[in-house]
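Look over the structure below. The text then walks through a pair of strands and the charged contacts.

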Amino acid sequence: MPTKLVLDLGATYSWVNCDDYISSTYQHVPCNSSIANSLSAYGCEDICDGPPGPNCANNSFLFLLEKPLETVDYKKVNTLNDALVDYLALLNNLGSLSSIDNFIFSCSRTGLLKGLAKGVTGLASLGNSNLSIPVQINKAFSSSPNCFAMCLSGSISQPGVALFGSKGPYNFLHGIDLSKSLLYTPLIFNPFGRDSDPYSHRSPEYYVGLTSIKVNGKMVAFNKALLAFDDRGSGGTRISTLVPYTKLQSSIYKAFTLAFLKEAASSAFNLTTTKPVKPFRVCYPAGAVKTTQMGPAVPIIELVLDRQDVVWKMFGSNSMVRVTKKSVDLWCLGVVDGGTIDGPSIMIGGLQLEDNLLQFDLQSQKLGFSSSILSKGTNCADYEFPTRKV
């Protein structure tokens, strides 16, 4: 059955709402089975106290529920859920379906869908975990690279693409192979963060080393020590698909917005702010902002990674959010104050990932990134899917 799942770069395992799960091939994972012994020992359901089904079985291994969404009331959501094994099928480059017959995932309840996109029934794990989709695919097809790529569409009507077990070519319309234009930076796996697995102490999140931020080519002045991990594993720069907008630790956010406001007000852009709309603090009248191939004409944001020549550029299409409601029509800076809470100093959010190709090479532990592919005359909805054979 076609299943819509949210892509989560920070999840340990995938889960599906089993309140509506229909399958004739699923199996529970027995508590003392070889599969259960290879997993973190979260729990075992000895006696099912409800109707037998995907959510309930005797001698069934249990996953401890991860908490990715702030919108969910976890006091009302069951935190232990049955582990299942079933078939996972994906379209391959020959245009047919390839399947994994022992795909491991977790059940969940309907309540966990709160806050997710309309129509989805669960979450697809792309994290740094032995149970993530790319790793399970690599185990099933060991000759394929332990690598995956994703290109999130900036369109609300046209889909992007996720590619597993391939380092390229990534062919888009007009004969463009984006694998040839990627820059690379090391992936950093944080073993001490609060998102680490309590048993393996391995974080499923992906971090990159950020050395500085520039706005319109000018360095933003802030305490660079905030970009490194502290002895508790806080700090660093994390990539997240479940955060809609990039979050900056408060002192970084203050310095960044001041720099952006200054450059936007310069003669190159001549923009004057207006009353903002929550959760944004920097907004401009839409009529005052010019439109280009790269989105709104605003100062370019540059994330300088491990070397000065490895720069992730964010143009207006990845930095600005159009807000239209009632009598309001604004372009707002899609970067928000993350406060001073314990955790990453910077979280790169979903808006900043749109129409960018990201390649996560788990074997070489490096991230390939394209910056906005709009500059190449294509977008993430232009991926050339293979023609499916009947």
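Buried means under 20% relative accessible area, exposed over 50%, and partly exposed in between (1.4 Å probe, protein chains only). This is a predicted model, in which local features need pLDDT of at least 70, side-chain atom pairs count only at pLDDT 80 or more, and totals for chains, interfaces and linings use all residues. Residues are numbered from 1 along each chain as its sequence is written, and side-chain values use heavy atoms, without hydrogens and water.

Start at strand S10, residues 161-164. Strands are DSSP runs of E, at least two residues, numbered from the N terminus. Val161 and Leu163 point to one face of S10 and are buried. S10 pairs with strand S9 (residues 147-151) in the antiparallel sense, over 4 bridges. Pairing requires at least two DSSP bridges between the strands. Ala162 is the bridge partner of Met150.

Now the charges. A salt bridge puts a side-chain nitrogen of Lys or Arg within 4 Å of a carboxyl oxygen of Asp or Glu. The structure holds 8. One of them joins Lys167 and Asp361 (3.1 Å, N to O). Lys167 lies in the loop between S10 and strand S11 (171-172) and Asp361 in strand S28 (residues 356-361), so the pair ties together parts 194 residues apart in sequence. Lys167 is partly exposed, at 36%. Asp361 is buried, with a relative accessible area of 1%.

Arg238 and Glu205 form another salt bridge (3.4 Å, N to O). Arg238 is buried at 9% relative accessibility, and Glu205 is buried at 8%.
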